[in-house]
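This report describes selected salt bridges and strand pairings in one structure. The sequence and the structure are shown first.

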Amino acid sequence: FMTVLANTLLNQIVLEAGILEPNMIITLLDQKVQSNLHQHNMMDNLAFDGMDISLCAIDERKQEISFCGAKLPIYHSSGQEITEVKGDRYPVGSGQYAEKYFTAQTIAYQSGDCLYLSSDGFQDQFGGPKGKKFMKSRFRTMLGQLNDKPVTEQLSIISDTFHEWKSGEELTDDVM
């Protein structure tokens with residue numbers, strides 16, 4: 001339900017209103033989700049639920065990326081180095097915080113760099129030999145080992161790694 005609502009609201013914000021700055025998109029999305037779910041007046045557990053999202057806009061002329069994340073980072077791979085740019089600590093739609101600020105961050109890039117945005121579903125997936133979560137550090141290490149490979153090979157490695165890790169475990173979250 002939240003995914004369908006978010007998709008509809010994102011279309012309104014970006015396609016209909018023409019807003020292209022990631023921090024403004026997320027700020028408006030947060031307001032609209034709360035309004036649609038009437039969360040600002042709720043005192044039960046639903047008021048504390050929210051969703052994580054990360055967005056970026058690429059300015060090819062300036063070779064800059066404008067990034068904003070609601071609890072999610074972006075990973076930037078340049079040469080042999082991978083950098084995690086953290087998002088803001090607030091989720092979208094949650095009524096838990098009185099005031100939220102979603103900030104834009106600018107990242108310079110060069111030809112050949114890679115950007116990775118993801119949901120938290122991969123890191124939160126249970127599996128492996130001990131049935132534990134994949135975890136953020138293992139995810140970042142995996143990304144750091146991919147940067148010298150073609151994108152199609154990267155996708156294959158990421159997919160294979162996930163399915164090997166998950167093995168017989170149930171899918172615990174959406175993975176993107």
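Arg 140 and Glu 84 form a salt bridge in which the closest N and O atoms are 3.6 Å apart; the term denotes a side-chain nitrogen of Lys or Arg within 4 Å of a carboxyl oxygen of Asp or Glu. Because Arg 140 belongs to helix α3 and Glu 84 to strand β4, this pair ties together parts that are 56 residues apart in sequence. Helices (H or I, at least four residues) and strands (E, at least two) are DSSP runs numbered from the N terminus.

Glu 84 also meets the side chain of Lys 136 in a salt bridge, at 2.7 Å from N to O. Here Glu 84 lies in strand β4 (residues 81-85) and Lys 136 in helix α3 (residues 136-144), so the contact ties together parts that are 52 residues apart in sequence.

## Basis of the model

The model is predicted: local features need pLDDT of at least 70 and side-chain atom pairs count only at pLDDT 80 or more, while totals for chains, interfaces and linings use all residues. Residues are numbered from 1 along each chain as its sequence is written, and side-chain values use heavy atoms, with hydrogens and water left out.

## Accessibility of the charged residues

Glu 84 is buried, with a relative accessible area of 18%. Buried means under 20% relative accessible area, exposed over 50%, and partly exposed in between (1.4 Å probe, protein chains only). Lys 136 is partly exposed at 36%, and Arg 140 is partly exposed at 31%.

The count of salt bridges comes to 5. Among them is the pair of Asp 124 and Lys 133, with the closest N and O atoms 4.0 Å apart. Asp 124 counts as partly exposed at 24% relative accessibility, and Lys 133 counts as partly exposed at 33%.

## Strand β2 and its partners

Strand β2 (residues 64-70) is mostly covered, with 5 of its 7 residues buried. Strands β1 (residues 53-59) and β2 run antiparallel and are joined by 7 bridges; two strands pair if DSSP finds at least two bridges between them. Ile 53 has Ala 70 in β2 as its bridge partner. The hairpin of β1 and β2 has 4 residues between the strands, and Gln 63 takes a positive phi near 55° there.

Strand β2 is also joined to strand β5 (residues 105-108) by 4 bridges, and these two strands run antiparallel. In this pairing, Glu 64 stands opposite Ala 108 in β5.
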